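Trainee: Please take one part of this model and look at it closely. I would like the backbone in its loops, with some context around it.

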Amino acid sequence: MHTHSSASPAIEQQLREMTLAEKLGQMTQVSCDSIDPAGVARYRIGSVLSGGNDNPSPNTPQRWRDMVGALSDAASSTPMGIPLIYGIDAVHGHSNVRGATVFPHNIGLGAIGDPGVVEAIGRATAREMRATGIHWTFAPTIAVAQDIRWGRTYESYGRDPSLVGSLGAALVRGLASSGEGSERVLACAKHFVGDGATQWDTVDRKPWMTWWDGWGDSWRIDQGDARISERELRSIHLAPYIDAIAAGAMSVMASYSSWNGDKLHGHRELLTDVLKGELGFRGFVVSDWMGVDQLGADYRESVVCAINAGVDMVMVPLDYHRFLEVMRSAVADGDIPMMRIDDAVRRILRAKEWVGATGTEQPGLDTIGHADHRRLAARAARRSAVLLKNERGLPLTGPGPIAVAGTAANDIGLQCGGWTVGWQGAEGPTTPGTTMLDALRQTYLPG
């Protein structure tokens, strides 16, 4: 199946001039903790990311801008000067950055059901990201969650594919229209496809998967196998991707999960034939964190399988030397055809051209946690609150006692949830904000 078309003349010229090493560098995404600017320049690395816990120290907007800027400058200093694209999980605001505006998670935005609110959140998030030099967020999650036990249900807008599709598309549009000039933020629709349909306790944990042993049983509530028909996969779980692509999504992240036993990271039919062919997706597919490593015990075979299946950029994210060596060997031996390499790089360059990731129009650092953004977040939080049953409890009309129960009521970290400064969030004052108890006290105990 023919699944790619030519890019702009400038990109086609770049492709003709690039060495194999430069092309493989573009297909490589490395954790910020595993590389320095000299490494980016030497190996022509195309992307660096901050994973859920990979924050600079001190965690300040200025430190973020300096770190990303140094890595970006290194990429621009290479002979081809292809800009670096930096990725981050800004899934409910630019929330890895301490002091950034934190918006409700997708499950709360799904309760509002208003695409206009989600698009405004996308614009605000993009402005705060660009203030730190970052142009790519691994969002929106457009999983259509079916089982409340799934560990990432809070990242889903809901179980209705039309709702998920409309809100996911709204975030894509918002990220792409963050204000002045031509610079945009690249959205990443994830996790392709069917992650929200995985059945409970179906994680196939192989002996070689030792890297996350420390997380213990948490594997049971993430990843897993979607044991559903093709009709159900398409009508419920593929549908939101059609909306996201139509809205301009130029990157898609492959899912850790499987479909009827087959890992998505190695699923050529879905990644290439359906996504790139049938749906006409012109952007690039990125793997999830060490997602390629899960395909088999033999790392080389896993890389070859993933690239040939349609993964264009690999979130390595740690030992990029090993990945580059495996890629060079696989291309030299003919296990990965040059046509596949060129298609992957063309897609990555096309997305970078679309973004305009040059850092020339960077908002000021005062954009981080801007008062306008905080007001938007407060309005969204108010609207996202859902009262399941009201037995003469609301509205609160004082005076009178108000009982507040639970440790989370006075814990900003717990109230912000996952993907807030750290991957799974944390207890305590992880980021500035007002807790529920604080707000009640301010409202009902004035003075």
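Mentor: Start with Asp201, which sits in the loop between β5 (189-192) and β6 (225-226). This is a predicted model, and the values here are computed from it. Asp201 is not a glycine, yet its phi is positive, about 60°. Most residues other than glycine have a negative phi, and most peptide bonds are trans. Is Asp201 exposed, buried or partly exposed? Its relative accessibility is 45%, so Asp201 counts as partly exposed; the cut-off for exposed is over 50%.

Now go to Arg392. Here too phi is positive, near 60°, in a residue other than glycine. Arg392 belongs to the loop between α13 and α14. Its relative accessibility is 81%, so Arg392 counts as exposed.

The peptide bond from Leu394 to Pro395 is cis, with omega near 0°. Pro395 lies between α13 (371-384) and α14 (412-416), in the loop.

Another cis peptide bond joins Ser57 and Pro58, with omega about 0°. Pro58 is in the loop between β2 (47-50) and α4 (61-76).

Next, a helix pair for context. The axes of α6 (residues 115-131) and α7 (residues 161-175) come within 7 Å. They cross at roughly 35°, and the crossing is right-handed. On α6 the contact is made by Pro115, Val118, Glu119, Gly122, Arg123, Thr125 and Ala126. On α7 it is made by Ser166, Leu167, Ala170, Leu171, Arg173, Gly174 and Leu175. By class, the contact of α6 with α7 has seven nonpolar, four polar and three charged residues.

Last, the whole protein. It has 15 helices and 11 strands. The C-alpha trace spans about 80 × 50 × 40 Å along its principal axes. A compact globule of 447 residues would have a radius of gyration near 22 Å, and the protein agrees, at 22 Å. Of the 447 residues, 55% count as buried. Take contacts between residues at least 6 apart in sequence: 76% of these join residues at least 24 apart. The accessible surface comes to about 18,600 Å², and 53% of it belongs to carbon and sulfur atoms.

Definitions and conventions. Residues numbered from 1 in each chain as written. Predicted model: local features only at pLDDT ≥ 70, side-chain atom pairs only at ≥ 80, totals over all residues. Heavy atoms only, no water. Axes fitted to C-alpha atoms, helices over the stretch in contact; angles between N-to-C directions. Helix = DSSP H or I, 4+ residues; strand = E, 2+ residues; numbered from the N terminus. Left-handed = near helix turned anticlockwise from the far one by under 90°. Contact = heavy atoms within 4.5 Å. Nonpolar A, V, L, I, M, F, W, Y, C, P; charged D, E, K, R; others polar. Buried < 20%, exposed > 50% of the residue type's maximum accessible area, 1.4 Å probe, protein only. Rg over C-alpha atoms; globule rule 2.2 N^0.38 Å. Areas by Shrake-Rupley, 256 points an atom, 1.4 Å probe, with all protein chains shown as cover.
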